[in-house]
Amino acid sequence: MSEAGSEAGGLHMVLVGATGLIGREIMARSGDHPDIRLTAIARREVPLPQGARMEMIIADPKNWRQVIAQLAPDVLVSALGTTWKKANRDEAAFQSVDLDLVVQCADGASDARVRQFIGISSVGADRFSKNLYLRTKGEMEQAVKKLAFARVDMLRPGLLKGKREDDPRGKERLAAVLSPLTDLFMNGSLRQYRSMPAGVVADAIYAMTQMRADGRFVHDNDAIHAALTRRTLRRPALAGE
């Protein structure tokens, strides 16, 4: 277990998928949220971002369900995801992470009566899609929504921008470079496909931990940005204001 200024008290958020693009952004922002205690679960030791206030638990993924149940946090965040290439172009290997592992972690949290699940899905997620990636994300959403969480938030961002560690994703990198131009042509129903910095998604996740309404919610690009606006509107008044 690695620690970086973890303190007891406040809302407890557990993160799986800490080593990915969004997971790293969530960890990097942990120091900005002293009211939230962040615990990340990972399969291997990774350097914590500078300024992070959190703890990291190293465990075999087959034990993550039990670890989450034991921690019994207030919120479980899943930023889990692999790629077709990393899965050696094997459908079962791909789904073992993007579907099976996510649902196993969510099931452990549900058994522990965790109130809220926040998951990273994808624009276009559809369990009836012929596309493996979109179908897997849709099946994941459907399975998690059936569990006993008071609140489920599924985020469906468009093209994610940010630095990926040891994961070049050449096509995505090219798309990110072109995004300032291509985003201009994505209007109407195409707005949901616009690019978005991974840091914006991470900020929205922190904002969603403060939302108290129960239910199942799906957030496209516009809704992710709206979550940040609602957080700003609810900012507590400072002394003298």
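Modeller: Helices (H or I, at least four residues) and strands (E, at least two) are DSSP runs, numbered from the N terminus. This is a predicted model, in which local features need pLDDT of at least 70 and side-chain atom pairs count only at pLDDT 80 or more, while totals for chains, interfaces and linings use all residues. Residues are numbered from 1 along each chain as its sequence is written, and side-chain values use heavy atoms, with hydrogens and water left out. Ser 30 lies in the loop between helix 1 (21-28) and strand 3 (36-42).

Colleague: Why is Ser 30 called buried?

Modeller: Buried means under 20% relative accessible area, exposed over 50%, and partly exposed in between (1.4 Å probe, protein chains only). Ser 30 has a relative accessible area of 1%, so it is buried. Beyond its neighbours within four places in sequence, Ser 30 is in contact (heavy atoms within 4.5 Å) with Leu 38, Ala 52, Arg 53, Met 54 and Tyr 206.

Colleague: What makes Asn 88 exposed?

Modeller: Its relative accessible area is 65%, and therefore Asn 88 counts as exposed. Asn 88 is placed in the loop between strand 5 (75-78) and helix 3 (91-111), and has a positive phi of about 55° although it is not a glycine.

Colleague: How do you know that Arg 89 is exposed?

Modeller: The relative accessible area of Arg 89 is 55%, so the term exposed applies. Arg 89 is also in the loop between strand 5 and helix 3, and its phi, near 55°, is positive in a residue other than glycine.
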